[in-house]
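Here is a short briefing to read with the model open beside you.

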Amino acid sequence: MEPEMLVLGVESSCDETALALVRDGREVLSSLIASQTDIHAKWGGVIPEIAAREHLTAIFEIYEQLLSDAEISPDEIDAIGATQGPGLIGCLLVGASFAKGLSQSLGKPLIPVNHVHAHVHGALLGINEDFQNIFPTLSLVVSGGHTNLYYMKDPTNFELLAHTMDDACGESFDKVGKMLGLPYPGGPHVEKLASQGSPGVVPMPRMVERKSNLSFSYSGLKTAVSHVINRSGPEQKSHADIAHAFQEEALGQIVRKLTSAMSIRPSVKSIIVAGGVAANSRFRELMASSFKLPVWFPPLKYCSDNGAMIAAMAYYEQREGKGGRAVEWDVFSRYPFEEYLAKDLSP
Ligand code: KG4
Ligand code: ZN
């Protein structure tokens with residue numbers, strides 16, 4: 001029997017300050033999330049500078065509250081996991097600096113965590129299924145920033161099989177939501193509107209038709225929606241029918257790509273779907289009816305960003321001996337800094 005491990009997870013990559021205490025990667029003792037959605041809603045998207053300052057204001061209070069809710073004293077924490085990226089740099093710095101300070105003062109290891117990978121562990125929180133029945137698995141992270149498909153032979157092994165060539169799935173929900181005049185973030189509002197629409201009324205192009213190409217694409221779908229919205233006269237379609245058609249293809253292409261991926265990785269025992277879009281009930285219905293394998297979706301509270309998934313990921317990293325690395329900020333940068341720094345910029 002391995003000794004129990006209590007991990008504090010710290011998430012601050014975007015607009016949620018989230019902390020959680022998780023035992024052995026699965027049992028959530030307490031999870032708190034301070035969402036900034038209302039603050040950013042009036043801008044129609046997240047403002048990085050405001051987000052970073054909000055994290056700084058919220059993080060200490062959440063930590064105190066978390067300990068008191070779970071009735072845990074700081075010296076009972078065995079390790080601290082913190083999101084190292086990807087994310088907004090000012091926001092990441094708040095969480096990582098907080099976690100680093102705590103790790104030094106408590107003398108406990110700091111485990112840098114990949115936010116996108118951690119989403120997958122959000123789907124496994126609270127379930128009792130033996131990992132022998134889950135892995136190898138095909139896992140999907142469908143969020144506002146990513147649409148990634150991985151083959152995983154164990155909880156810390158992520159082989160990226162496919163990603164989006166342009167927009168992320170959640171991002172396309174948000175953009176289409178904006179075009180339809182819905183509040184930010186658009187995902188849940190588009191889902192609600194789509195449920196009032198009828199199938200077959202609005203034609204929608206199929207993205208990346210070639211089966212051998214596992215990549216996702218959302219940008220053309222967004223353009224198609226904008227053309228339909230802007231039609232006038234008898235060709236004008238109801239917003240509910242447009243939302244319905246968009247959602248069917250946004251989710252339908254994921255089912256098609258997953259079907260192709262199953263044929264190249266036939267040994268998989270399950271499918272895991274994670275990230276904000278995993279909250280969509282049509283998505284859950286489609287997946288359940290399209291595949292015979294067990295499909296694991298996160299409980300709703302762990303679909304969007306949370307500290308519990310970070311703590312769970314950190315637990316597996318530590319158990320596999322992968323924890324304790326230095327935080328490598330550049331690994332997740334979108335910019336080729338090495339190239340940039342090497343450039344001679346003298347006039
Ligand atoms: O994982 P997440 O909370 O944050 C990122 O790491 O991006 O995902 C947020 C995304 C947003 O684009 C949001 O619109 C989308 O998830 N989303 C949904 C639903 N709920 C949230 N998309 C479709 N249907 C939903 N019910
Ligand atoms: Zn996320």
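Which residues coordinate the zinc ion (ligand 2)? They are His115 (NE2), His119 (NE2) and Asp305 (OD), at 2.1 to 2.2 Å. Please keep in mind that this is a predicted model, where local features need pLDDT of at least 70, side-chain atom pairs count only at pLDDT 80 or more, and totals for chains, interfaces and linings use all residues. Residues are numbered from 1 along each chain as its sequence is written, chains are lettered from A and ligands numbered from 1 in the order in which they are written, and side-chain values use heavy atoms, with hydrogens and water left out.

**Zinc site**
- Donors here are N, O and S atoms within 2.8 Å of the metal (3.2 Å for Na, K and Ca); water is not among the atoms, so sites may look incomplete.
- The site is tetrahedral, with angles of 96 to 134° among its four donor atoms; for four donors, that term asks for all angles between 85 and 135 degrees.
- Along the sequence, the donor residues follow the spacing H-x3-H-x185-D.
- His115 and His119 sit four residues apart in helix α4, so about one helical turn separates them. (Helices are DSSP runs of H or I with at least four residues, strands are runs of E with at least two, and both are numbered from the N terminus.)

**Ligand 1**
- Of the 20 residues around ligand 1, Gly144, Asp174, Glu191, Gly276 and Asn280 come nearest; a residue is near if one of its heavy atoms lies within 4 Å.
- In the side chain of Asp174, an N or O atom is 2.6 Å from an oxygen atom of ligand 1.
- The elements giving two or more residues to the shell are α4 (115-122), α5 (169-179) and α6 (186-194), and α5 has the largest share, with four residues.
- Domain 1 (6-120 + 302-335) and domain 2 (130-297) both contribute to the shell, so ligand 1 lies between them; the domain bounds come from an automatic or database domain assignment.

**Backbone details**
- The peptide bond from Gly85 to Pro86 is cis, with omega near -5°, and Pro86 is in the loop between β4 (79-85) and α3 (89-106).
- Tyr184 and Pro185 are also joined by a cis peptide bond, with omega about -10°; Pro185 is in the loop between α5 and α6.
- Glu71 is not a glycine, yet has a positive phi of about 50°.

Technical notes. Polar contact = N/O pair within 3.5 Å; in protein donor to acceptor, adjacent residues only side chain to side chain. Tetrahedral: all angles 85-135°; square planar, octahedral: opposite > 155°, others 65-115°.
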